[in-house]
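Me: I would like to learn how to read the features of a fold, one at a time. Please take me through an example.

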Amino acid sequence: MTETDLADLYRDYIACLNERDWSGLERFVHENVVYNGRQIGLAGYRAMLEKDVRAIPDLRFAIDLLVSDPPRIASRLRFDCTPKGELLGLPVDGRRISFTENVFYEFREGRIVQVWSVIDKVAVEAQIQGVR
């Protein structure tokens, strides 16, 4: 798979997430996917995303930066959203916040097999403290 092919596949994956096409995840995510060192499988990955959307109904994944180096993708995702209750253990309580996630993916046979994700919790903390 070329750099362009992999980048296009990733953009299609992000569109799938933004459309909430959970049944379509199997086109992009391997059934034995590992997330941050823990094998959660496709069902666990889907459950995680569905939980995120329940907690953040207006969640939208926006690609800020994308680097394709097959079989890996590095992406900086930007979020501008209104979580209910808590986010990352922080009391957001319906305030609009912006933050980023740096996430790395490894693909095998056109599907994601590994995900490494780091969310900018400090940015969320700073916004909460600034509002109080």
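Reply: What follows goes from the whole chain to the sheet and then to single residues. This is a predicted model, in which local features need pLDDT of at least 70 and side-chain atom pairs count only at pLDDT 80 or more, while totals for chains, interfaces and linings use all residues. Residues are numbered from 1 along each chain as its sequence is written, and side-chain values use heavy atoms, with hydrogens and water left out.

Me: How many helices and strands does the protein have?

Reply: Helices (H or I, at least four residues) and strands (E, at least two) are DSSP runs, numbered from the N terminus. Here there are 3 helices and 8 strands, and their order along the sequence is α-β-β-α-β-β-β-β-β-β-α. The radius of gyration is 15 Å, close to the 14 Å from the globule rule for 132 residues, so the protein is as compact as a globular protein of that length. That radius is taken over C-alpha atoms, and the rule is 2.2 Å times the number of residues to the power 0.38.

Me: What share of the residues counts as buried?

Reply: Buried means under 20% relative accessible area, exposed over 50%, and partly exposed in between (1.4 Å probe, protein chains only). Of the 132 residues, 40% are buried by that cut-off. As for contacts (heavy atoms within 4.5 Å), residues 24 or more positions apart supply 53% of those with a separation of 6 or more.

Me: In what order do the strands of the open sheet lie?

Reply: Two strands pair if DSSP finds at least two bridges between them. In this protein 6 strands form an open sheet in the order 2-1-8-7-4-3, with mixed pairing. Strand 2 (38-39) and strand 3 (62-69) each have a single partner strand and stand at the edges, so one side of each is left without a neighbour in the sheet.

Me: Which strands run antiparallel, and which pair in the parallel sense?

Reply: Strand 7 (residues 97-108) and strand 8 (residues 111-119) run antiparallel and are joined by 8 bridges. Within strand 8, Q114 is the residue opposite E106, and I112 is the bridge partner of F107. The hairpin of these two strands has 2 residues between them, and E109 takes a positive phi near 50 degrees there. The parallel case is strand 1 (residues 29-35) with strand 8, over 3 bridges; Y35 stands opposite V115 of strand 8.

Me: What does A74 contact, beyond its neighbours within four places in sequence?

Reply: In a regular strand the side chains alternate between the two faces of the sheet. A74 belongs to strand 4 (residues 72-81). With those neighbours left aside, A74 is in contact with L65, L66, V67, V103 and F104. By contrast, A74 and H30 are 18 Å apart, C-alpha to C-alpha, and 44 residues apart in sequence.

Me: Is N18 buried or exposed?

Reply: N18, in helix 1 (residues 3-18), has a relative accessible area of 17% and is therefore buried. Not counting residues up to four places away in sequence, N18 touches L59, R60 and F61.

Me: And S23, buried or exposed?

Reply: S23 lies in the loop between helix 1 and strand 1. Its relative accessible area is 51%, so S23 is exposed. S23 and R46 are 23 residues apart along the chain, and their C-alpha atoms are separated by 8.8 Å.
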